[in-house]
Amino acid sequence: MTRIFVLAEHRLQKLRDATWEALEAGRKLAADLGGELNCILLTDNAAGMADELAKECPKVLVVEDPKFETFNSDSAMKALAAILSDKAPFMLVMGNSNSMMDLAPGLAVALDAALATDCFAFEVKDGRPAAFRQMYNYKVNAKVSFKGAEKIVVTLRGGAFPFSSGGGAAGAVEKIASPVADEAPRKRFLNYVEAEKGDVDIASADIIVSLGRGIGDEPDMEIFESLADAMGGVLACSRPIVDKNLLPKYHQVGTSGVEVKPKVYLALGISGAFQHVGGIKGAPLIVAVNKDAKAPIFRVAQYGIVGDLNEVVPALEEKIKDLKG
Amino acid sequence: MDIIVCVKWVPDTSEADLAIAGGAKDIKKDDLDHDINDWDRFAVEEAVQIKEKVGGKVTVVSVAPEDAEEMLRESLARGADEAFHLWDDAFEGSDGYAVATILAKFIKDRPFDLILTGTLADDDCSGQVGGMLAAMLGVPNAVLVSSIEFLDRKVKFKKELEGGLYEAVEMDLPAQLSVATGLNEPRFVSIRAVRKVASAEIPVIDCGELGLDESQVGPQGSKIQVEEVAMPPEGEGAEIIGGGAEEAAGRLAEILKEKGGIG
Ligand SMILES: Cc1cc2nc3c(=O)[nH]c(=O)nc-3n(C[C@H](O)[C@H](O)[C@H](O)COP(=O)(O)OP(=O)(O)OC[C@H]3O[C@@H](n4cnc5c(N)ncnc54)[C@H](O)[C@@H]3O)c2cc1C
């Protein structure tokens, strides 16, 4: 019986969404693999969180240790390796959050487990799981097998497993003594650093003209500014534009940038990686201009032009000015 | 500060029209340009900048086929002191775990304070090698590192969390950090710099020389296996506005006006 363990994630004494999504995926895997479902909570103070999890999970294993007030991959790796070392066959499920990305690879080595990261779906055939994930700039889907491994770690694509409450009887909460009580972590959290705020707030803009790497290495930013002006909108961008210092970070749309909820989103030279699209909320009209007809952005856009920005953008500005009269 | 930077040679797929290869185990790569993985370019630059500030040595290493020599040479031109090319036909088809195994074997007997890599590679999008390598070598690690500073035998860095939030973290050395794109501005490599390293020796080291058994590398040494690749289902998709740029732009302007995209 393959046991399913779900690793809870929390920040500031609150469970994060990724926890519930992992529980959703874990439930399905437990049903398909016929194993028991357990949740693991590493925290300094389980109050509230353990009970919240127990409402949705038959058994919650809790380790309380001051080291786990904030996420610490070094201590978490050692604690989980100790807890799970004799539990094979198992599958450990966690979000692919930026924190868990610190943990999963090292933990897989410590457990001698097979690891698939950023999975968006699973399939179980003849009692063997396979994972679906993306490759090649997120343009290709791949099915990955674990070569019959008895210990498997998977991390989940954010948003791929929307949670629905299971109801049922509350599960048991079992406390485990901290396996790392006497260990000094080699990694220490100091403080949070908030995002820098700027002169525009793209989060509240209705009309957004968003620029991606397709604008080239030395773009003439003025043509985009004047297009945005003509549309009465603001400029936003994908991550590479910020990396190149073409626009400040507070213009970046995406999971590591700002969440926007405009009425209209014009994507220029943006491929449409999920970390970018994940920052576009609500149900805006998405329009994309891209020279690659297979760019993923065209899957989420309602309208598109397959063409070169250098030609389309000036023409578009002119036509918009014409229409405005 | 002795820094080892691990870099990857990847096909440039961001703008290419991708096709699935026969057998559907991978995409067709023969016609694709290859280059250093974007994230790793920032890792090389960061290592060189640290060396310029505090002194030390920068070693660049890659598990990559012959063509990748170009990438290693360019890293030397960027300011790395030495480069090593780990390759053997047996390495073909290695997953992140097998690559980390190869790198760990190479690094094990070398002194280092810091290992830098990119957070993930644009080809497999896995983000496994840095953390696995750290665990194999018994040092702490972090990914998505967006600034680095050194205190006495410790490193202090900023790590990117979601939604624009960061955390400041302190870690003991030696350590492994996987960097985020944008933590520096990779320098422009001058022709002079390229010429200077044109004849620098870049040792190629194979499986046997590393002291690895063929069962530890390639598909055999891998923990996961790609069974099948496919282009994602088309779904609804966008209505593509045809015609030349002029005509399409005109139609798009009308659509924008109609849907409130002109304020
Ligand atoms: C942990 C993590 C967090 C991330 N967070 C974010 C985030 O918050 N926001 C974000 O945006 N990304 C984020 N990313 C990066 C993301 O995965 C993509 O790499 C990024 O979104 C790609 O940006 P892009 O579309 O501008 O560039 P590319 O993917 O390089 O796409 C450029 C596009 O431009 C097109 N193009 C090129 N030239 C032209 C031309 N002349 N005319 C028309 N089209 C052209 C190409 O066909 C291509 O589709 C994150 C990644 C990770 C791992």
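This is a short tour of a predicted model, one selection at a time.

**Before you start**

Residues are numbered from 1 along each chain as its sequence is written, while chains are lettered from A and ligands numbered from 1 in the order in which they are written. Because the model is predicted, local features need pLDDT of at least 70 and side-chain atom pairs count only at pLDDT 80 or more, while totals for chains, interfaces and linings use all residues; side-chain values use heavy atoms, with hydrogens and water left out.

**Stop 1: the two domains of chain A**

Colour residues 3-175 of chain A as domain 1 and residues 202-324 as domain 2. These bounds come from an automatic or database domain assignment. Taken over C-alpha atoms, the domain centres are 35 Å apart.

Where do the two domains touch? Four residues of domain 1 of chain A are in contact with five residues of domain 2 of chain A, contact meaning heavy atoms within 4.5 Å. Between them the domains bury about 470 Å², with 59% of it on carbon and sulfur atoms. Buried area here is the accessible area (1.4 Å probe) that two parts lose on being put together, summed over both. Now select Tyr138(A), Lys139(A) and Arg157(A): in domain 1 of chain A they lose the most area to domain 2, together 78% of what that side buries.

Next, show the side chains of Lys139(A) and Asp292(A), which meet in a salt bridge at 3.1 Å, N to O. A salt bridge is a side-chain nitrogen of Lys or Arg within 4 Å of a carboxyl oxygen of Asp or Glu. The rule finds one salt bridge across this domain interface.

**Stop 2: a loop in chain A**

Select Pro179(A), in the loop between strand S12 (172-176) and S13 of chain A. Strands (E, at least two residues) and helices (H or I, at least four) are DSSP runs, numbered from the N terminus.

Leaving out residues up to four places away in sequence, Pro179(A) touches Val63(A), Ala79(A), Ala82(A) and Ile83(A). For a view across chain A, draw a line from the C-alpha atom of Pro179(A) to that of Lys319(A): the two are 140 residues apart along the chain and separated by 67 Å.

**Stop 3: salt bridges within a chain**

Over all chains, the structure holds 46 salt bridges. Glu36(A) is partly exposed at 38% relative accessible area, and Lys59(A) is partly exposed at 22%.

Then move to chain B and pick Glu227(B) and Lys25(B), a salt bridge of 3.8 Å, N to O. Glu227(B) lies in strand S12 (residues 225-230) and Lys25(B) in the loop between strand S2 (9-11) and strand S3 (34-36) of chain B, so the pair ties together parts that are 202 residues apart in sequence. Relative accessibility is 27% for Glu227(B), which counts as partly exposed, and 44% for Lys25(B), also partly exposed.

**Stop 4: where chain A meets chain B**

Show both chains. How many residues does each chain bring to the contact? Chain B gives 92 residues and chain A gives 79. The area buried between the chains is about 7,700 Å², of which carbon and sulfur atoms give 56%.

One of the pairs to select is Arg239(A) with Glu160(B), at 2.7 Å, N to O. On the chain B side, the largest share of the residues that touch chain A, 11 residues, comes from helix H8 (residues 245-258).

Asp172(B) and Arg188(A) also meet in a salt bridge at 2.7 Å, N to O. This pair crosses from strand S9 (residues 166-172) of chain B to strand S13 (residues 187-193) of chain A.

Finish with Glu9(A), Arg11(A), Arg16(A) and Glu162(B), which are linked in a network of salt bridges.

Methods
Buried means under 20% relative accessible area, exposed over 50%, partly exposed in between (1.4 Å probe, protein chains only).
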